Amino acid sequence: MRKARIGVCCLTRKTYDYQTAYALYQERTAELVKDTSVDYCVYGENVIEPEDAEKVIHYFEQQEIDAVVIVSATFHLGHLALMINDALKKPILLWGFDELPYNGGKIRLNAVCGVNLNASNLYKAGVDNYCVTIGDTIDENWVKAIKAMVAIHTTKIGIVGYRAQGFFNVGVDELNLYKNTGLLVNHYEISDLFKKQADDETVAREIECVKREWNVEGINDKQVELVARLVASTELFLKEKGVDALAIRCWPEFAATYGISPCAMMSILQSRGILLACEGDVEALVSMIAVKALGEPTPFMADLSQVNFKDNYALLWHCGVAPCNLWDKKCVRSLDTYFAGGKGVTAGFVLKDGDFSIFRIDTARGKTRIFYEEGTAVPMEKLLTGTFAKVHFKHDVKDVLDVVVNTGVAHHVVMGYVQYEPVIKILAKLTGWEIIKC
């Protein structure tokens with residue numbers, strides 16, 4: 001994946017105070033470029049006439065931008081934004097500056113009217129991928145939505161094996177995924193992964209790491225070695241294949257053929273910022289990419305597995321794959337073997353408390369949807385195996401469950417300790433995806 005490249009240009013008209021407006025544009029874009037998480041491509045001249053629009057289009061094409069900010073610094077010709085949209089066909093933010101104090105009774109900018117002109121022209125031309133903001137600063141939520149879109153589009157993903165047996169609801173139409181996101185799924189066999197051999201020095205280093213960071217009393221030395229070897233070999237596999245994120249069919253073949261399930265490996269590598277989705281769930285993996293771009297370095301693919309209507313809480317649980325850096329630092333963080341005949345080596349810990357969100361990009365009946373909900377994770381004791389958080393949602397847990405089951409959302413959601421509801425609304429507008437909310 002790479003950083004988003006956002007073009008910025010300044011539309012003005014000489015019948016207004018265009019020189020002051022351009023000075024404001026320079027000041028505000030100077031602040032923009034301080035955000036190094038985005039590559040801002042700022043066009044350095046006023047765009048007044050159609051000939052100027054041709055020049056800015058050429059500049060943006062050279063920069064290969066992902067989105068464009070069209071600043072209405074003053075009122076301006078209606079041709080300009082339409083020309084930019086027609087040539088680039090990228091998401092647009094229409095940004096209008098606040099009006100300046102009157103000077104001799106004359107309106108100096110009339111920027112809001114310029115935004116109105118552009119929005120009306122685009123809408124009536126059938127263009128929907130624009131958003132609007134008025135004020136002295138850019139809409140950071142729009143920027144975050146662009147970051148998420150670019151992260152999804154530019155991440156190289158793969159799947160090892162296939163989806164888990166019987167998990168029809170997490171299967172993906174790869175060409176529809178490509179249509180919606182630009183992603184191509186690279187396929188690898190399960191044996192390609194666990195047969196990859198890392199060098200002995202790296203494996204020995206990972207063994208020491210496992211013993212230092214985990215309580216391993218519940219597993220034997222051979223299982224410790226297999227975990228460490230799989231950590232080292234998976235990192236090597238990803239590097240050699242040039243893959244950024246991977247969905248893995250984690251059962252039943254791993255335990256039967258390699259000797260352990262990959263859960264513990266996934267917990268360890270995810271804590272290092274590598275995105276791994278279990279059970280071959282590609283759309284969960286895509287959701288993890290988006291959540292990482294929106295501020296959660298190590299998202300957790302979880303089941304909405306237990307609900308308590310009386311006390312209005314749920315558990316976000318999975319068998320032992322949560323990134324181990326999300327540990328609450330209170331319970332014992334252990335590696336356990338509670339399924340697959342003692343071969344299901346998994347992580348075991350309670351996740352930290354704090355505000356969180358759950359998110360999923362999910363396709364059903366020919367439509368791609370976004371499911372989103374917020375809440376707070378609260379402390380709990382380590383009363384069961386696997387990795388889990390006790391959570392209270394913003395809405396009643398019964399309402400959340402009703403929405404999930406009545407709209408067919410898949411049984412995996414992506415948890416992160418970030419909240420970004422305004423971004424979801426923008427992302428949905430720019431992509432044309434529906435929003436599923438309580």
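**Exercise 1.** In which helix do Asp402 and Lys398 both lie, and how many residues apart are they?

*Solution.* 
Step 1. Locate the pair: both residues are in helix H13, four residues apart, about one turn of the helix. Helices here are DSSP runs of H or I with at least four residues, strands are runs of E with at least two, and both are numbered from the N terminus.
Step 2. Check the contact. The two side chains, Asp402 and Lys398, form a salt bridge at 3.2 Å, N to O. The criterion is a side-chain nitrogen of Lys or Arg within 4 Å of a carboxyl oxygen of Asp or Glu.
Step 3. Asp402 has a relative accessible area of 28% and is partly exposed. Lys398 is also partly exposed, at 42%. (Buried means under 20% relative accessible area, exposed over 50%, partly exposed in between, with a 1.4 Å probe and protein chains only.)

A note on the model: it is predicted, local features need pLDDT of at least 70, side-chain atom pairs count only at pLDDT 80 or more, and totals for chains, interfaces and linings use all residues. Residues are numbered from 1 along each chain as its sequence is written, and side-chain values use heavy atoms, with hydrogens and water left out.

**Exercise 2.** Find which parts of the chain the salt bridge between Glu434 and Lys367 brings together.

*Solution.* 
Step 1. Take the distance: the side chains of Glu434 and Lys367 meet at 3.3 Å, N to O.
Step 2. Glu434 belongs to strand S18 (residues 434–436) and Lys367 to strand S15 (residues 367–378), so the bridge ties together parts 67 residues apart in sequence.
Step 3. Glu434 is partly exposed at 36%, and Lys367 is partly exposed at 47%.
Step 4. Widen the view. The whole structure has 21 salt bridges. A network of them links Asp281, Arg360, Asp362 and Arg369.

**Exercise 3.** Trace the ring cluster that contains Tyr43, Tyr59 and Phe60.

*Solution.* 
Step 1. Start from the total: 14 aromatic pairs. (Rings of Phe, Tyr and Trp, its six-membered ring, pair if their centres lie within 6.5 Å; planes under 30 degrees apart are stacked, over 60 edge-to-face, the rest tilted.)
Step 2. Tyr43 and Tyr59 make a tilted pair, 5.7 Å centre to centre, with 50° between the planes. Tyr43 sits in strand S2 (residues 38–47) and Tyr59 in helix H2 (residues 50–63), 16 residues apart.
Step 3. Tyr59 and Phe60 are also tilted, at 5.7 Å and 50°.
Step 4. Tyr43 is buried at 9%, and Phe60 is buried at 1%. Tyr59 is partly exposed at 21%.
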